[in-house]
Amino acid sequence: MFLRNAREAYLRYLINEVLQRFSTLCITKLEIQSLMPNSRIQIFDTTLRDGEQVPGCQLNTGEKIEIAKALEVLGVDVMEVGFPISSPGDFHSVQKIAKIIKNASVCALSRAVEKDIEVAAEALTGATKPRIHTGIGTSDSHVFDKLKTTRENVIERGVAAVKFAKRFVEDVEFYAEDAGRTDNEFLAKVLEHVIAAGATVVNIPDTTGYCLPWDYGAKIKYLCDHVKGIENVTISTHCHNDLGLATANSIAGVVNGATQIECTINGIGERAGNASLEEVVMILRQQKGLCFDTGINTKCLKSMSGLVSQKMRMPVQPNKAIVGSNAFSHSSGIHQDGVIKNRETYEIIDPLDVGVGESSIVLTARSGRAALKFRGERLGFNVSKGQLETLYQEFLLIADQKKIVQDRDLIQLFSHSSSSLTA
Ligand code: KIV
Ligand code: ZN
């Protein structure tokens with residue numbers, strides 16, 4: 001699997017290179033790409049680990065199991081479900097989930113410390129597809145200020161951690177913490193060593209959300225070009241959202257050769273959060289020219305978002321892409337008129353594809369006659385053009401008082417209007 005993904009990504013990268021160099025070909029890049037099979041991107045969900053680090057969002061074992069089961073139905077390839085050394089409760093949760101989940105890989109986090117790895121391995125006992133995630137900081141600030149050591153020592157510790165983890169499981173993912181701010185040459189050296197030590201996945205975290213998409217993409221490309229053995233492992237993105245770029249950086253990562261994206265439901269996670277699962281998945285699905293796909297059952301996205309929000313007591317912002325309550329609602333007259341005539345005028349995603357029942361036409365003082373007529377008809381009121389004009393003026397008076405005009409207001413408006421209406 002790793003080999004296949006990595007080779008596919010490498011092949012895609014080579015084809016891109018050829019296409020860029022022969023830009024005078026009459027056939028376009030998009031046309032050639034459409035002839036190629038889509039490349040499958042692995043979705044690594046870390047809602048139950050990085051996501052759960054959010055203050056106040058800690059979950060008990062029962063809640064974690066419920067979310068893990070829903071993530072399996074959603075179709076994630078890997079779920080990182082905890083940091084077992086961190087607390088007995090987290091150890092217990094990982095232990096339980098490891099025994100329940102059958103289709104996805106179950107991953108546990110550790111530092112590059114033997115005790116952490118041993119505890120992670122113990123918690124994963126009985127998992128169908130166990131993965132240990134271990135690693136160490138590689139940026140100058142991590143090496144010199146946090147770890148107060150040398151670059152050579154960081155490589156030694158990383159290699160030792162991977163070798164130690166391999167005693168327990170075959171699937172070992174290595175993270176180079178703060179890779180986003182790590183010098184590329186040194187990062188390449190670290191990765192070459194951990195791959196030689198047996199890492200099956202190399203994670204390139206933009207831990208502080210510092211990178212710009214083209215810089216993060218270039219980093220992945222640099223690693224593809226310079227790390228011996230990288231074609232035999234999975235390259236993973238892990239982007240934080242401190243500058244609002246986590247999703248864009250993850251996409252830049254896969255376009256440049258990564259084949260796994262680490263992300264969370266609703267984009268929750270440390271500080272400003274992680275790349276949002278629903279966003280990266282829908283970008284890969286909607287942007288056909290990218291030629292990627294995932295194994296995610298997108299119809300479960302809305303309910304998955306609701307479950308995580310409810311269990312973590314963390315509301316979803318209304319304008320959140322894909323899963324926010326306003327993501328498919330239209331309130332201005334111009335937009336409403338377009339959507340009523342053809343949904344695609346203002347929507348690039350079919351709400352049914354992400355598990356949202358339908359688009360909504362919200363009535364406010366910015367709404368138009370088309371929307372009022374549409375909503376009236378849905379309640380069973382058919383009106384003539386003249387009647388609509390009268391009703392619309394009355395509607396605006398109500399809308400100016402109330403922020404949103406509800407069905408009950410409409411029923412009153414339509415039924416008590418002086419105009420004679422057919423219901
Ligand atoms: O952001 C980060 O660097 C992490 C690692 C532990 C993977 O979460
Ligand atoms: Zn993180």
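Predicted model: local features only at pLDDT ≥ 70, side-chain atom pairs only at ≥ 80, totals over all residues.
Residues are numbered from 1 along each chain as its sequence is written, and ligands are numbered from 1 in the order in which they are written. Local features need pLDDT of at least 70, side-chain atom pairs count only at pLDDT 80 or more, and totals for linings use all residues, while side-chain values use heavy atoms, with hydrogens and water left out.

Oxygen atoms of ligand 1 lie 2.7 Å from a polar side-chain atom of Thr 207, 3.1 Å from one of Asp 50 and 3.1 Å from one of His 238; a polar contact is a pair of N or O atoms within 3.5 Å.

Ligand 1 takes up the space of the largest pocket, a molecule being placed there if more than half of its atoms lie within 2 Å of the grid points. A pocket is an open set of points on a 1 Å grid over the protein atoms alone, where a 1.4 Å probe fits, with protein on both sides within 12 Å along at least five of seven lines; lining residues have an atom within 4 Å of a point. The lining of the largest pocket comprises 26 residues, with Arg 49, Leu 109, Tyr 175, Glu 177 and Thr 207 nearest its centre.

Key:
Polar contact = N/O pair within 3.5 Å; in protein donor to acceptor, adjacent residues only side chain to side chain.
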